Amino acid sequence: KEPAFKAKEPIYSTGDDTPIPILSKRPVSFFRYFRQRFAQVTNPPIDSIRERNIMDLSMNLGKKVNFLKEEPYHAHRLKISSPILKEEDLLAIKSQDVFKVKEIKIYFKENESLKKGIDRLLNEVKQAVKENNEIIIISDRNLKEDELPIPTLLAVGAIYSKLKDLTSKFSLVVDTFEVKNTHEVACLISYGASAVCPHGLWAILDAWKSGKLKDLPHTNLDYNTLVSNVKKAL
């Protein structure tokens with residue numbers, strides 16, 4: 001509620017006494033394995049706000065070139081103001097006609113292994129690079145009934161570890177239902193994603209605004225304001 005109403009992250013305690021994922025008896029998100037146990041640094045994560053004169057959250061999409069040389073082609077990047085994408089932001093990236101964009105579904109089938117699904121994903125990324133796509137979108141949207149989503153962090157990690165010789169040729173955008181909070185966005189970006197569209201989070205806000213989530217309080221804020229507030233909190 002706090003991100004949607006106040007555009008701020010909820011306040012958490014620095015301690016975490018839940019079992020670590022490897023010892024937990026409950027299924028946990030893949031992102032949970034990468035969550036630190038306590039506050040190990042003292043600087044708060046507000047540098048982009050407090051030091052906006054020298055820092056920002058903008059990202060550049062497209063082929064990465066040798067920045068030790070200064071050439072006109074270096075300016076051939078698609079600049080976005082934030083790595084958090086709304087639905088209309090993702091649509092704008094897909095519909096622009098300057099950079100080639102390829103969308104790839106991340107899934108494995110019920111009757112096959114997760115490894116086979118990852119291998120298929122890596123082959124599709126290789127083919128997309130051969131076809132000179134400079135922006136690759138991996139998505140768990142609109143999967144079929146027999147298709148299971150590959151955890152997005154595993155997909156991004158596989159691409160940047162197994163295809164590291166190719167990753168300078170494209171930027172990776174993640175379109176996912178899985179992401180729900182700042183930690184998960186930060187994990188994806190730290191592993192190589194340039195932008196994230198948490199379409200599941202936007203769908204939750206839409207369901208809330210339309211009254212489908214009875215456990216949440218009524219809000220007079222419109223859907224676009226809720227999305228903008230949550231984006232700002234992230």
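Where does Lys63 lie? In this predicted model, Lys63 sits in the loop that links β1 (59-61) to β2 (78-80). With a relative accessibility of 31%, Lys63 counts as partly exposed. Once its neighbours within four places in sequence are set aside, the contacts of Lys63 are Tyr73, Arg77, Glu134, Ser168, Lys169 and Phe170. Ile20, by contrast, is 43 residues from Lys63 along the chain, and a distance of 38 Å separates the C-alpha atoms of the two.

Attention can now turn to a pair of helices. Helix α4 spans residues 114-130 and helix α5 spans residues 152-162; their axes come within 10 Å of each other and cross at roughly 55°. An angle of that kind makes α4 oblique to α5, and the crossing of the two helices is right-handed. On the α4 side, the residues that meet α5 are Leu114, Ile118, Leu121, Leu122 and Val125. Their counterparts in α5 are Leu154, Ala155, Ala158, Ile159 and Lys162. Sorted by class, this contact of α4 with α5 comprises 9 nonpolar residues and 1 charged residue, with no polar ones.

Ser190 belongs to helix α6 (residues 182-190) and, at 57% relative accessibility, counts as exposed. A polar atom of the Ser190 side chain lies 2.8 Å from the backbone oxygen of Cys187.

Ala7 has a positive phi of about 60°, although Ala7 is not a glycine. The loop that holds Ala7 runs between α1 (2-6) and α2 (47-50). Is Ala7 buried or exposed? Its relative accessible area is 13%, so Ala7 is buried.

Asn142 likewise is a residue other than glycine with a positive phi, here near 55°. Its place is the loop between β5 (135-139) and β6 (147-149). Asn142 reaches 66% relative accessibility and therefore counts as exposed. Taken together, the positive phi values occur in a buried residue, Ala7, and in an exposed one, Asn142.

Key
Residues numbered from 1 in each chain as written. Predicted model: local features only at pLDDT ≥ 70, side-chain atom pairs only at ≥ 80, totals over all residues. Heavy atoms only, no water. Axes fitted to C-alpha atoms, helices over the stretch in contact; angles between N-to-C directions. Helix = DSSP H or I, 4+ residues; strand = E, 2+ residues; numbered from the N terminus. Parallel < 35°, antiparallel > 145°, perpendicular 65-115°, else oblique. Left-handed = near helix turned anticlockwise from the far one by under 90°. Contact = heavy atoms within 4.5 Å. Nonpolar A, V, L, I, M, F, W, Y, C, P; charged D, E, K, R; others polar. Buried < 20%, exposed > 50% of the residue type's maximum accessible area, 1.4 Å probe, protein only. Polar contact = N/O pair within 3.5 Å; in protein donor to acceptor, adjacent residues only side chain to side chain.
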